[in-house]
Amino acid sequence: MSRPRIVIVGAGFAGYRAARVLSRLTRHKADITLLNPTDYFLYLPLLPQVAAGILEPRRVTVSLTGTLPDVRLVLGEADAVDLDGHTVRYTGPEGDGGTLPFDRLILAAGSVNKLLPIPGVAEHAHGFRGLPEALYLRDHVTRQMELAAAADDPASCAERCTFVVVGAGYTGTEVAAQGKLFTDSQIRRRPLRAGMRPRWLLLDVAERVLPELDENLSRTADRVLRQRGVEVRMGTSVKEATHRGVLLTDGEFVDTRTLVWCVGVRPDPLAESLELPLEKGRLLVDPYLQVPGRPGLFAAGDAAAVPDLEKPGAYTPMTAQHAWRQGKAVAHNVAASLGLGERRAYRHRELGFVVDLGGVKAAANPLGVPLSGVAAGAVTRGYHLAAMPGNRVRVAADWLLDAVLPRQAVQLGLVRSWSVPLDTASPEVARVPGGPEKARAGNPGPAGGPRAGEGAEPADAIQDADAGKHAEPPGPVKEPDLIQDADAAKHAEPPGPVKEPDLIQDADAAKHAEPPGPVKEPDRVQDADVDADADVDVDVDADADAAKHAEPPGPVKQPDLIQAPEHTPGASSDAPAVHKHRPRDPSALAPPEPGPPASSEGDS
């Protein structure tokens, strides 16, 4: 008799814990498969410390194959679930698809960034849900501080060292607190213009910081942020975002190049695609974390609306604490459905909360005892070390090094702005040019690469100024090789409705070529030094006489002789073509740096 097949979708707090507990409970009596886009479990509470340069990225990741030896890992993202056919269809990291059959299915797909219908936010803001977003923010903040220190224009310096964080919950509060310390440490080594300091704004429509937590924690966090110099503006949010800054709901326009979106999360769209009863996008389950009417379907974590037995009529909030404990409960209930043990209802009593505010400051209330200052900082870090399923020694070592050594503020340049869009169903995975992208509800973005026209726009307020230089083509269109074999290069034709004669032909063809249209026949004999001042070197494959006598049609006097096979989508028609050979002046291909934005004043 074949062993039952258990498939777990997602390796967040709930999915990872369920896989680990199930492998212990079943003891090789079931085949456990874990479907996840990455090969690691991400300890999300420490992600702000990665963005602030305290922890190295791998410190907050735990290897799935290294800690789950009896679980089969399949890299991919779930696209659809056939509940009647008992299969999960997924897309792998290289675009290849597959199907996983199951007898028991645990949906623990987690959550994604919550979007609001605010103009410009989806285009100009970045979230903070995955490791790629943290790495991007770390590089971006470092770059803006370096450019601000070198800026001659006071307005440009001010906008580059201004950072806006929207959302004063767990994530937003910790990002603002850690970010202010990070930028302050940079200006100690490289000061800004006289009288200027990094400016951090924390916005939220709520009445207080950390509105979901105890008021004592809220007051402690608010006091620490204000003492550190963070502008805490409650009852205020973003009305519109542009590439030059943000317009606030109180009428003030803030010139900035950084907008971090931490307004909350929404359940993964996979739950909605099942067409089962939902509660605000979360799959309704019973106290045993099983979907009513579907004996083999379970859900846990942010994707599940779990009844709160301590508060009748309510559902457990979307927190890491609940997801971690629900993962254990769902594992026991799945094993019980296979005849291994007994079912248990999910019941959880809150033991307190901790909020790391950077340095030795924190806010905590373990077992209901409010703490602040150094004591709260010690409790907070001790809690994180105990809760992490791995890397404890490495994390403690990084904390020790940060206490005695200055932080390394350098740009790695590993994550570009367009590869971490706000509107994505996979915040844990950075986009790659032409790579697969899930097409789910709420994620209508392009398949890969920057959004259409992104390469032609001025530097985004939230993106680095060099984003235009590195624009990649969107969609599934494969970027052709710019360096082809000699024969292909001779016959390459530029795109467009007007047929362009081959610029590189054999010597005999070049002598007899005639330009189309009303263009007058060019002189056969020209100055031998016609190319002496050209911006592009003559191709080694081109005949010398052909290069001298080739003349393009139309009103352009002298275009580049060697063009790229295709133009970058979204690029202006006046932009210079991409060449096979590097131009003599490398800055000729760089997009112009946008000038300092006109300052806008308003009522604060």
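In this predicted model, helix α11 passes helix α12 in a right-handed crossing. The contact is made by R381, H384, L385 and A386 on the α11 side. From α12 come R392, V395, A396 and W399. By class, the residues of this contact are five nonpolar, one polar and two charged. Helix α11 covers residues 373-387, and helix α12 covers residues 392-404. They pack at an angle of about 155 degrees. Angles over 145 degrees count as roughly antiparallel, so α11 and α12 are roughly antiparallel to each other.

A second pair is α7, residues 170-189, with α8, residues 215-228. Their axes cross at roughly 25 degrees. The cut-off for roughly parallel is under 35 degrees, which makes α7 roughly parallel to α8. The crossing of α7 and α8 is left-handed. On α7, the residues in contact are T173, A177, K180, L181 and D184. They meet A221, L225 and R228 of α8. The residues of the α7 and α8 contact divide into four nonpolar, one polar and three charged.

| Helix pair | Angle between axes | Axis distance |
|---|---|---|
| α11 and α12 | about 155 degrees | 9 Å |
| α7 and α8 | roughly 25 degrees | within 10 Å |

Now the arginine. R160 lies in helix α6, which spans residues 154-160. Is R160 buried or exposed? Its relative accessibility is 5%. Buried means under 20%, so R160 counts as buried. R160 and T256 are 96 residues apart in sequence. In space, R160 and T256 are 6.0 Å apart, C-alpha to C-alpha.

Methods:
Residues are numbered from 1 along each chain as its sequence is written. This is a predicted model: local features need pLDDT of at least 70, side-chain atom pairs count only at pLDDT 80 or more; totals for chains, interfaces and linings use all residues. Side-chain values use heavy atoms; hydrogens and water are left out. Helices (H or I, at least four residues) and strands (E, at least two) are DSSP runs, numbered from the N terminus. Buried means under 20% relative accessible area, exposed over 50%, partly exposed in between (1.4 Å probe, protein chains only). Axes are lines fitted to C-alpha atoms, for helices over the stretch in contact, and angles run from 0 to 180 degrees between N-to-C directions. Angles under 35 degrees count as roughly parallel, over 145 as roughly antiparallel, 65 to 115 as roughly perpendicular and the rest as oblique. A crossing is left-handed if the near helix is turned anticlockwise from the far one by less than a right angle, and right-handed if clockwise. Contact means heavy atoms within 4.5 Å. Ala, Val, Leu, Ile, Met, Phe, Trp, Tyr, Cys and Pro count as nonpolar, Asp, Glu, Lys and Arg as charged, and the others, Gly among them, as polar.
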